[in-house]
Amino acid sequence: MEDLLGLLRIHVEKGVNLAIRDVVSSDPYVVIKMGKQKLKTRVVKKNLNPEWNDDLTLSISDPHAPVHLHVYDKDTFSLDDKMGDADFSIGPFIEAVKMRLTGLPNNTIVTKVLPSRQNCLAEESHIVWKDGKVVQNLVLRLRNVECGEVELQLNWIDIPGSRHL
């Protein structure tokens with residue numbers, strides 16, 4: 001617990017234009033990994049544009065560790081099919097949280113993260129002040145697949161007794 005910085009809540013909103021892995025559709029779900037932690041959303045049946053709206057929470061001790069996202073198609077009688085993957089860094093988000101901002105107007109942009117070859121962003125990502133907290137919306141373009149994007153929102157949760165950022 002003394003190594004813990006806080007919790008990162010990842011709201012997995014939806015998938016857009018995901019690849020077909022079954023005959024005409026797919027049954028997608030998302031797996032998020034960071035270090036030894038592994039979390040999974042629910043499966044959405046027969047949908048290439050699934051809306052998960054699932055909250056997954058990672059405990060953060062190393063703010064520099066990358067977060068890995070994998071999308072799979074749930075199969076009943078065989079191994080689940082890969083539908084793409086993406087990596088993202090929480091470094092810029094953690095830096096914004098460290099600022100300990102207060103009293104800003106809602107939807108004030110704290111900083112921006114631009115798409116590059118080093119990240120899987122499909123578009124510019126804004127880290128904003130919203131409802132008294134720092135929030136980041138991400139649209140990740142999936143790699144190793146013909147098409148597909150996943151939309152996420154990051155939120156930070158402070159834990160009493162954790163080491164401060």
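A polar contact is taken here as a pair of N or O atoms within 3.5 Å; within protein, one must be able to donate a hydrogen and the other to accept it, and residues adjacent in sequence count only if both atoms are side-chain atoms. By this criterion the side chain of Asp85 makes a polar contact with the side chain of Asn144, at 2.7 Å. The structure is a predicted model, in which local features need pLDDT of at least 70 and side-chain atom pairs count only at pLDDT 80 or more, while totals for chains, interfaces and linings use all residues. Residues are numbered from 1 along each chain as its sequence is written, and side-chain values use heavy atoms, with hydrogens and water left out.

The protein has 1 helix and 10 strands, assigned as DSSP runs (H or I, at least four residues, for helices; E, at least two, for strands) and numbered from the N terminus. From the N terminus on, the order of elements is β-β-β-β-β-β-α-β-β-β-β. The radius of gyration, taken over C-alpha atoms, is compared with a globule rule of 2.2 Å times the number of residues to the power 0.38. For 165 residues a compact globule would have a value near 15 Å, and the 16 Å of the protein agrees with this. Along the principal axes, the C-alpha atoms fill a box of roughly 50 × 30 × 30 Å. Of the 165 residues, 44% count as buried (under 20% relative accessible area, with exposed over 50% and partly exposed in between; 1.4 Å probe, protein chains only). Among contacts (heavy atoms within 4.5 Å) with a separation of 6 or more, 58% join residues 24 or more positions apart.

Strand pairing requires at least two DSSP bridges between two strands. An open antiparallel sheet of 6 strands has the order E4-E1-E10-E9-E8-E7. Strands E4 (51-60) and E7 (108-113) stand at its edges with a single partner strand each, so one side of each is left without a neighbour in the sheet. Within this sheet, E9 (residues 133-141) and E10 (residues 149-157) pair in the antiparallel sense over 7 bridges, and Val139 stands opposite Glu151 in E10.

A further open antiparallel sheet has 4 strands in the order E3-E2-E5-E6. Its edge strands, E3 and E6, each pair on one side only. E2 (residues 28-34) and E3 (residues 37-40) pair over 4 bridges, and Val31 has Lys40 in E3 as its bridge partner. These two strands form a hairpin with 2 residues between them, and Gly35 in the turn has a positive phi of about 60°. Strand E5 (residues 67-73) pairs with E6 in the antiparallel sense over 6 bridges; Phe88 in E6 is the bridge partner of Val67.

Asp85 is found in strand E6 (residues 81-88) and is buried, at 11% relative accessibility. Not counting residues up to four places away in sequence, Asp85 touches Leu69, His70, Arg141, Leu142, Arg143 and Asn144.

Beyond its neighbours within four places in sequence, Leu152 is in contact with residues including Ile10, Val12, Leu69 and Phe88.

Ser116 lies in the loop between E7 and strand E8 (125-130). Ser116 is partly exposed, with a relative accessible area of 34%. A polar atom of the Ser116 side chain lies 3.2 Å from the backbone nitrogen of Gln118.
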